[in-house]
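Okay, thanks for coming, everyone.

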Amino acid sequence: MAVSDLDAKTQVALLLAQGATSDKAGEAAGVSGRTVRRWREDPAFEAQIQEARRAILSEAVAALGAAARDAVATLHAALTEDSAAVRVRAAAVLLGALPNLAEFAELSDRIAALEAALTPDGRNAA
């Protein structure tokens, strides 16, 4: 389904989630920027925009995950290149990523533990 097949309010929500201004989103959907600004005062409409942003972000994270696997494979292969400079650079990039990955894993575990502690049945709230 194309964005143009959606009702004006849904079109505007998607365009705003993608970073369009109220005026540009309204123009694309055939309503005024003033109407869009009025819609944005509605918490349900703002929630619709936020949900669209989450969906966009989720898609981006999935695409980055796939690209990251390819990037790591490329760096891993570069470790066997004839050029010492290429091998050293690949090793440096791989090792440089480890602290961030370790920190992310630790924070994820800590957040999961906090969520489990805050729910009555001990399961994650999400």
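So, to get us going: in which helix does Ser 22 lie? Ser 22 lies in helix 2. Before I go on, bear in mind that this is a predicted model, so what I'm quoting comes from predicted coordinates.

Let's stay with Ser 22 for a moment. Buried or exposed, what is Ser 22? Its relative accessible area is 14%, and the cut-off for buried is under 20%, so Ser 22 counts as buried. And what is Ser 22 in contact with, once we leave aside its neighbours within four places in sequence? The list is Leu 16, Gly 33, Val 36, Arg 37 and Arg 40.

Now zoom out to helix 2 itself. Its buried residues are Ser 22, Ala 25, Gly 26 and Ala 29. If you look down the axis of helix 2, those buried residues fall within an arc of 95°, so they line one face of the helix. As for what the buried residues pack against, that's helix 1 and helix 3, with helix 3 covering 33–39. One more thing here: just after helix 2, Gly 30 takes a positive phi of about 85°.

Okay, helix pairs. Two packed helices are described by the angle between their axes and the distance between the axes, and that's how I'll go through them.

Pair one is helix 1, residues 8–17, with helix 2, residues 22–29. They pack at an angle of about 140°, and their axes are 9 Å apart. Only angles over 145 degrees count as roughly antiparallel, so helix 1 is oblique to helix 2. The crossing of these two is right-handed. On the helix 1 side, the contact is made by Ala 8, Gln 11, Val 12, Leu 15 and Leu 16; helix 2 brings in Ser 22, Ala 25, Gly 26, Ala 28 and Ala 29. By class, that contact of helix 1 with helix 2 has seven nonpolar residues, three polar and no charged ones.

Pair two: helix 1 again, this time with helix 4. Here the axes come within 8 Å and cross at roughly 55°. Helix 1 and helix 4 are therefore oblique to each other, and helix 1 passes helix 4 in a right-handed crossing. From helix 1, the contact uses Lys 9, Thr 10, Val 12, Ala 13, Leu 14, Leu 16 and Ala 17. From helix 4, the residues are Phe 45, Gln 48, Ile 49, Ala 52, Arg 53 and Ile 56. The class count for helix 1 with helix 4 is nine nonpolar, two polar and two charged.

Let me pick out Ala 52 from that list. Ala 52 has its place in helix 4, residues 43–78. It is buried, with a relative accessible area of 10%. Leaving aside neighbours within four places in sequence, Ala 52 is in contact with Ala 13, Leu 14 and Ala 17.

Last pair: helix 4 with helix 5, which runs over residues 84–118. The axes come within 8 Å and cross at roughly 140°. That makes helix 4 oblique to helix 5, and this crossing is left-handed. Helix 4 makes the contact through Val 72, Leu 75, His 76 and Ala 78, while helix 5 uses Val 86, Arg 87, Ala 90, Val 93 and Leu 94. By class, helix 4 with helix 5 gives seven nonpolar, one polar and one charged.

And while we're on helix 5, Glu 115 is found there. At 28% relative accessibility, Glu 115 counts as partly exposed. Glu 115 and Ala 77 are 38 residues apart along the chain, and their C-alpha atoms are separated by 39 Å.

That's my tour, so over to you for questions.

Note on methods. Residues are numbered from 1 along each chain as its sequence is written. This is a predicted model: local features need pLDDT of at least 70, side-chain atom pairs count only at pLDDT 80 or more; totals for chains, interfaces and linings use all residues. Side-chain values use heavy atoms; hydrogens and water are left out. Axes are lines fitted to C-alpha atoms, for helices over the stretch in contact, and angles run from 0 to 180 degrees between N-to-C directions. Helices (H or I, at least four residues) and strands (E, at least two) are DSSP runs, numbered from the N terminus. Angles under 35 degrees count as roughly parallel, over 145 as roughly antiparallel, 65 to 115 as roughly perpendicular and the rest as oblique. A crossing is left-handed if the near helix is turned anticlockwise from the far one by less than a right angle, and right-handed if clockwise. Contact means heavy atoms within 4.5 Å. Ala, Val, Leu, Ile, Met, Phe, Trp, Tyr, Cys and Pro count as nonpolar, Asp, Glu, Lys and Arg as charged, and the others, Gly among them, as polar. Buried means under 20% relative accessible area, exposed over 50%, partly exposed in between (1.4 Å probe, protein chains only). The arc is that of the directions from the helix axis to the C-beta atoms.
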